[in-house]
There are 2 protein chains.
Amino acid sequence: MLDRSCIEAIDPLLEILDGKWTLPLLLELFVGTRRFGELRRRLHPISPKTLTDRLRVLEEKGIITRTLYPGVPLHVEYELTERGWKLQPIFAAMWAWVQEDDLNANKKNQL
Amino acid sequence: MLDRSCIEAIDPLLEILDGKWTLPLLLELFVGTRRFGELRRRLHPISPKTLTDRLRVLEEKGIITRTLYPGVPLHVEYELTERGWKLQPIFAAMWAWVQEDDLNANKKNQL
DNA sequence: CGGCATCCCTTAGGATACTG
DNA sequence: CAGTATCCTAAGGGATGCCG
């Protein structure tokens with residue numbers, strides 16, 4: 001199933017997921033559409049520069065969309081694309097690992 | 001399924017997966033037990049320092065084991081622990097994403 | 001063979017102030 | 001509100017040489 005041929009092929013994905021805040025950011029967007037300030041608060045203490053950088057990269061790679069609603073004050077929404085949503089199983093697998101890992105850790109503590 | 005509560009919890013996993021070479025390195029170990037020089041060749045152009053650093057971190061976190069076979073020349077083998085093997089579904093999910101993503105890319109190119 | 005030790009450098013990311 | 005513009009630093013990682 002997994003073999004050496006995967007390694008090169010998986011590289012574009014690693015580029016998408018790269019960056020300290022990318023995974024937490026994506027987790028936020030799996031919950032739902034988010035505004036810039038909302039993301040900033042929830043991902044605290046991320047800096048606005050970093051948040052912008054990551055959002056731009058993900059947009060460029062077709063993982064999220066940026067929608068501007070004109071008016072004052074400004075209103076911008078970030079949302080996963082279809083391609084972005086398909087990343088969810090990866091996070092689900094991560095989450096599953098963490099849960100089982102915690103379970104085992106607790107078992108050991110109870111000995 | 002996935003919600004905000006996952007975000008903190010998933011952090012230890014992100015620490016494990018952190019680093020430019022960690023995922024390619026783990027992919028190598030999913031294929032099988034590997035020696036230092038073997039990893040170095042297959043992960044070329046990784047530097048020996050970086051490889052050592054990553055191996056030490058993964059060892060410390062209980063993801064891999066390091067086995068020294070005394071003798072000249074030295075012989076060292078790195079192998080996934082049980083905990084490490086359980087990461088495989090995450091990589092499988094990544095691999096699945098990449099495959100479907102490529103499929104879609106090809107479809108579009110054929111239009 | 002399987003590493004350390006060293007030195008160097010790039011760059012992701014932080015802090016802060018300002019703007020359309 | 002949603003960013004940009006600057007400046008700065010910490011550290012991950014590269015290159016190289018030596019050693020048990």
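Of the 21 residues around DNA strand D in this predicted model, those that come nearest are Arg66(A), Tyr78(A), Lys20(B), Lys49(B) and Thr50(B), where a residue is taken to be near a strand if one of its heavy atoms lies within 4 Å of it. Of the atoms of DNA strand D that come within 4 Å of the protein, 69% belong to sugar and phosphate. Residues are numbered from 1 along each chain as its sequence is written, while chains are lettered from A and ligands numbered from 1 in the order in which they are written. Because the model is predicted, local features need pLDDT of at least 70 and side-chain atom pairs count only at pLDDT 80 or more, whereas totals for chains, interfaces and linings use all residues, and side-chain values use heavy atoms, with hydrogens and water left out.

Phosphate oxygens of DNA strand D are approached from both protein chains. The elements giving two or more residues to the surface near DNA strand D are helix H4 (36-42), H5 and strand S3 (75-80) of chain A, together with H5 of chain B; helices (H or I, at least four residues) and strands (E, at least two) are DSSP runs, numbered from the N terminus. With four residues, H5(B) gives the most to this surface. By class, the surface near DNA strand D divides into eight nonpolar, six polar and seven charged residues, with Ala, Val, Leu, Ile, Met, Phe, Trp, Tyr, Cys and Pro counted as nonpolar, Asp, Glu, Lys and Arg as charged, and the others, Gly among them, as polar.

DNA strand C is surrounded by 20 residues, of which the closest are Lys20(A), Lys49(A), Thr52(B), Arg66(B) and Tyr78(B). Sugar and phosphate make up 73% of the atoms of DNA strand C that come within 4 Å of the protein. At least two residues of the surface near DNA strand C come from each of helix H5 (48-60) of chain A and helix H4 (36-42), helix H5 (48-60) and strand S3 (75-80) of chain B, and H5(A) gives the most, with four residues. Eight nonpolar, five polar and seven charged residues form the surface near DNA strand C.

Within chain A, Thr22(A) is placed in helix H3 (residues 22-31) and counts as buried because its relative accessibility is 0%; buried means under 20% relative accessible area, exposed over 50%, and partly exposed in between, with a 1.4 Å probe and protein chains only. The side chain of Thr22(A) reaches the backbone oxygen of Asp18(A) at 2.5 Å. Leaving aside neighbours within four places in sequence, Thr22(A) is in contact (heavy atoms within 4.5 Å) with Ile16(A), Leu17(A), Arg54(A) and Leu58(A).

In chain B, Arg34(B) lies in strand S1 (residues 34-35) and is buried, with a relative accessible area of 8%. The side chains of Arg34(B) and Glu38(B) are joined by a polar contact of 3.3 Å, a term that denotes a pair of N or O atoms within 3.5 Å; within protein, one must be able to donate a hydrogen and the other to accept it, and residues adjacent in sequence count only if both atoms are side-chain atoms. Not counting residues up to four places away in sequence, Arg34(B) touches Glu28(B), Leu29(B), Leu39(B), Arg42(B), Val76(B), Glu77(B) and Tyr78(B).

A cis peptide bond with omega of about 10 degrees joins His44(A) and Pro45(A), and Pro45(A) is placed in the loop between H4 and H5 of chain A. In chain B, a cis peptide bond joins His44(B) and Pro45(B), with omega of about 10 degrees, and Pro45(B) is placed in the loop between H4 and H5 of that chain.
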